[in-house]
Amino acid sequence: MSEYLFTSESVSEGHPDKVADRISDEIVDLYLGREAEARVAAETLVTTNRIIVAGEVRGPASITKDDIEAAARNAVKDIGYEQDGFHWKNASFESHLHAQSADIAVGVDAADSKDEGAGDQGIMFGYACDETDNLMPAPIDFSHRILRSLADERHKDINSILEPDSKSQVTLRYVDGRPVGATSVVVSTQHKEGASQADLRDLVRGHVEGVLPEGWMCPEEEFYVNPTGNFVIGGPDGDAGLTGRKIIVDTYGGAAPHGGGAFSGKDPTKVDRSAAYAARYLAKNVVAAGLTSNCTIQLAYAIGVSKPLAVYVDTWGNTQVDVQKLSDVLQDMVDLSPRGIREHLGLNKPIYARTAAYGHFGRTPTDDGGFAWERTDLVDQLKSVFA
């Protein structure tokens, strides 16, 4: 269609599912911070004043249940939960983490002439487009930015009427494949008792207008703030949260395919995580090099097998580049085995808690290796090959 509407949503760090993601990723960082080759598959459940973690780990025996509990509580404290129904200090805590299955370990570990294999079978997708400066689809990017802006205000102002749990949704109008403005914006935010709906609307409006490009604000009648009214009871007290339930929020807001595997709570031997990062890395470099305006990459793996079973590149018909040659060149540039991905992107580091909210993609690479998959260091090579 030459003209259409597209919508994406985001949820804040205080959303119950994101609280669970954050705790799971704190456990990953705890283990990787002690041993770079540690294995973690941690799941978290949060509900009214209760935190439960479960899963499989392989790492230093020096990590105790007390260490895991402290990591979980500190995560909840950092998010900002000090409510009667969910408090970082008072919530009960259970850990049911146990040793990694030997059957899984033998398939993943390198041995003799066998390279390290994938931690599971599956398909992973990466995507990039030139709609925003960080090469993300605009609806999900704006949705994330609105909530991050609100969270920044909440953390800075101890008298803020905002509480941690919130959601956003942005609908953009596209003309000839390009976004031109917002047709509706929805923000629901938890707030302190007694905050007026008018005050909340005015507060949220400033953050939305600060994120959207000038002239893109939706009509007033399509600007929805807490459309059901009061939102005092929220977070894990209002709704249970589980690790891995926001996979579209974590990626491209529905603008690209998803293989179905969640990221949080998994060490980088799990290709659900590392290969999805690699696919985004390759797709972003292709778009950043100006070879196409949109790029989707699919990778496929089998448990215990080191090489990808398939590498699929789709440039959406927006390039004159030979796509098969592009696929071959990308595979020459980056070893897409699980070990190769981890080494190229430096993934065996405690860099994952920061990914748990506001998306795993479209973020800024950091000096300690965080968000390394957002680098565009292949651009010059790609331009040279396809000059």
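A residue counts as buried here when its relative accessible area is under 20%. In this predicted model, both Phe 142 and Trp 216 are buried.

**Aromatic pairs**

The structure holds 11 aromatic pairs. Two of them are set out below.

| Pair | Centre to centre | Angle between planes | Geometry |
|---|---|---|---|
| Tyr 127 and Tyr 252 | 5.7 Å | 80° | edge-to-face |
| Phe 142 and Trp 216 | 5.9 Å | 90° | edge-to-face |

Tyr 127 belongs to strand β7 (residues 122–129), while Tyr 252 sits in the loop between α7 (247–250) and α8 (271–288), so this pair ties together parts that are 125 residues apart in sequence. Both Tyr 127 and Tyr 252 are buried. Ring pairs also join these two tyrosines into a cluster with Phe 263, Tyr 277, Trp 316, Phe 361, Phe 371 and Trp 373.

**Helices α4 and α5**

The axes of helix α4 (residues 138–156) and helix α5 (residues 197–211) come within 9 Å and cross at roughly 130°. The two helices are therefore oblique to each other, and α4 passes α5 in a right-handed crossing. On the α4 side, the contact is made by Phe 142, Arg 145, Ile 146, Ser 149, Leu 150 and Glu 153. Helix α5 contributes Leu 203, Val 204, His 207, Val 208 and Val 211. Sorted by class, the contact has 7 nonpolar, 2 polar and 2 charged residues. Phe 142 thus takes part in the contact with α5 and in the aromatic pair with Trp 216.

Definitions and conventions: Residues numbered from 1 in each chain as written. Predicted model: local features only at pLDDT ≥ 70, side-chain atom pairs only at ≥ 80, totals over all residues. Heavy atoms only, no water. Axes fitted to C-alpha atoms, helices over the stretch in contact; angles between N-to-C directions. Helix = DSSP H or I, 4+ residues; strand = E, 2+ residues; numbered from the N terminus. Parallel < 35°, antiparallel > 145°, perpendicular 65-115°, else oblique. Left-handed = near helix turned anticlockwise from the far one by under 90°. Contact = heavy atoms within 4.5 Å. Nonpolar A, V, L, I, M, F, W, Y, C, P; charged D, E, K, R; others polar. Phe/Tyr/Trp six-rings, centres within 6.5 Å; stacked < 30°, edge-to-face > 60°. Buried < 20%, exposed > 50% of the residue type's maximum accessible area, 1.4 Å probe, protein only.
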